[in-house]
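Student: I am new to this structure and would like to walk through it with you. Could we take it one question at a time?

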Amino acid sequence: MNPFTLTSLIPLRPDRWLTYYEAMYQNEHGDLMPYHFVSRDSNLTIETLKRPANASAVAMFCYNQNHSQVLLTKQFRQPLNDFVYGNPAGLVEPTESIKQAISRELMAETGYSLIEVEHCFAPSYSSPGLTDGAVSLAICTLDQAKQTDRTLEVDEALSILWVNRAEAQTILANEKMTGRTQILLWQWANEQ
């Protein structure tokens, strides 16, 4: 049984990408406890907050055709004031499918076309203590030999690099990275 009851949900500060909310919970002792989080949904209500996960973003772990290298991004992340290794990723537009978002984001961020989506996971939460946002992760194969121009947003500072297993081990030991990238890269780098 859930020991908390959501009694109110108030949008505090909407902006272009996120809305900052205050949720008021009551515990089993009757104490009121405010909790703050952000959402990409600017119209959340008490009724819609506990809905099934819908992916607001996609992230792709990309192999070359023989799986000897993976594609990483190195992107400037403002909250860290530094560059962080990650995977190509981006938001799902309201009118597109997950596969369309994967193809569009891969082309925009990397210039590579999708050959195959080997697996696409159901939406999962990457920071459920901070946001209700869910991400669909896809395992993809790209044609490393065919790259076109990238179309980055003006506020994106992002480079891409193909790495082999030895280079991946060095990055894992020495660089900042996203949690999703860390576990996927470690697993791939340690395959026999």
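Student: Which residues does T73 touch, leaving aside its neighbours within four places in sequence?
Tutor: Happy to start there, keeping in mind that this is a predicted model, where local features need pLDDT of at least 70, side-chain atom pairs count only at pLDDT 80 or more, and totals for chains, interfaces and linings use all residues. Residues are numbered from 1 along each chain as its sequence is written, and side-chain values use heavy atoms, with hydrogens and water left out. Contact means heavy atoms within 4.5 Å. By that rule, T73 is in contact with V84, Y85, G86, N87, P88, E109, L158, S159 and I160.

Student: Is T73 buried or exposed?
Tutor: T73 lies in strand β5; helices (H or I, at least four residues) and strands (E, at least two) are DSSP runs, numbered from the N terminus. Buried means under 20% relative accessible area, exposed over 50%, and partly exposed in between, with a 1.4 Å probe and protein chains only. With a relative accessible area of 2%, T73 is buried.

Student: What is the order of the strands in the open sheet of 3 strands?
Tutor: Two strands pair if DSSP finds at least two bridges between them. In this sheet the pairing is antiparallel, and the order is β1-β2-β3. β1 (5-14) and β3 (32-39) each have a single partner strand, so one side of each is left without a neighbour in the sheet. The strands at the edges are therefore β1 and β3.

Student: Which residue is the bridge partner of Q26 in β3?
Tutor: Strand β2 (residues 19-26) pairs with β3 in the antiparallel sense, over 8 bridges. Within β3, the partner of Q26 is L32.

Student: How many residues of β4 are buried?
Tutor: Look at the partners of β4 to begin with: 8 bridges join β4 to β10, and the two run parallel. β4 also pairs in the antiparallel sense with strand β7 (residues 89-91), over 3 bridges. β4 is largely enclosed by the rest of the structure, because its buried residues number 9 of the 9.

Student: What is the phi of H67, in the turn between β4 and β5?
Tutor: β4 and β5 form a hairpin with 6 residues between them, and Y63 has V70 as its bridge partner in β5. Most residues other than glycine have a negative phi. H67 is partly exposed, at 26% relative accessibility. The phi of H67 is positive, about 60 degrees.

Student: Where is N81, another residue with a positive phi?
Tutor: Phi of N81 is near 55 degrees. N81 is exposed, with a relative accessible area of 60%. Its place is in the loop between β5 and β6.

Student: Which residues of helix α3 (residues 165-174) are buried?
Tutor: An α-helix has 3.6 residues a turn, so residues three or four places apart point the same way. The buried residues of α3 are A168, I171 and L172. They cover an arc of only 100 degrees around the axis, counting directions from the helix axis to the C-beta atoms, which puts them on the same side of α3. On the other side A166, A173 and N174 are exposed, whereas the buried set is A168, I171 and L172.
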